[in-house]
Amino acid sequence: MNRKIKIIISAVSVLFIISIIFSVIILRPSGKRIVEIVQDGEVIYTFDLNTEPDRSIVIESPNGTSNTVTIEKGEIFISSAECPDKTCVNMGKLKSDSLPIVCLPNHLVIRFCDEE
């Protein structure tokens, strides 16, 4: 192996290791339990997942479609959506401060927030 190939392999290895470390930091579970549901930049609901009973909430969007947000066993997720791609449903349960659940077509964000 010549020197150029060794440098390339080393650089790719370092980038790979940095990517793994970054992913672990971003995906670590949040210790927070207060959740906000935000639509068009306005907080429409705030929940404490420690005390909130299991239930589903239908949230209408300005464009006439809706999302069903479900709280179950202290976790929150979008269980159904009328948007075309259903990315928000496929995101699963909210776990990380760094990765909120987002439905772009319906202008909806579910995120952890600081305790009040």
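This is a predicted model: local features need pLDDT of at least 70, side-chain atom pairs count only at pLDDT 80 or more; totals for chains, interfaces and linings use all residues.
**A note on the sheet and a surface patch**

1. Strand 6 and strand 7 (residues 108-112) run antiparallel and are joined by 3 bridges. Cys103 stands opposite Leu108 of strand 7, and Val102 has Val109 as its bridge partner.

2. Strand 7 also pairs with strand 1 (residues 34-39), again in the antiparallel sense, over 5 bridges. In this pairing, Glu36 has Arg111 of strand 7 as its bridge partner.

3. Stepping back, you can see an open sheet of 4 strands in the order 2-1-7-6, with antiparallel pairing. Strand 2 (42-48) and strand 6 (101-103) lie at the edges, each pairing on one side only. On average, neighbouring strands of the sheet are turned by 15 degrees against each other, direction ignored.

4. Which residues make up the covered face of strand 7, and which the uncovered one? Leu108, Ile110 and Phe112 are on the covered face, while Val109 and Arg111 are on the uncovered one. In a regular strand, side chains alternate between the two faces of the sheet.

5. Finally, do visit helix 1 (residues 3-27), where Ile17 has its place. Ile17 belongs to a nonpolar surface patch together with Phe16, Ile20, Ile21, Val24 and Ile25, and the patch has about 580 Å² of accessible area together. Ile17 has a relative accessible area of 49%, so this residue counts as partly exposed, the class between under 20% and over 50%.

Technical notes
Residues are numbered from 1 along each chain as its sequence is written. Side-chain values use heavy atoms; hydrogens and water are left out. Two strands pair if DSSP finds at least two bridges between them. Helices (H or I, at least four residues) and strands (E, at least two) are DSSP runs, numbered from the N terminus. Axes are lines fitted to C-alpha atoms, for helices over the stretch in contact, and angles run from 0 to 180 degrees between N-to-C directions. Patches are made of residues with over 30% relative accessible area and no salt bridge: like charges are joined within 9 Å, nonpolar side chains (Val, Leu, Ile, Met, Phe, Trp, Tyr) within 5 Å. Accessible areas come from the Shrake-Rupley method with a 1.4 Å probe; for residues, only the protein chains shown count as cover. A salt bridge is a side-chain nitrogen of Lys or Arg within 4 Å of a carboxyl oxygen of Asp or Glu. Buried means under 20% relative accessible area, exposed over 50%, partly exposed in between (1.4 Å probe, protein chains only).
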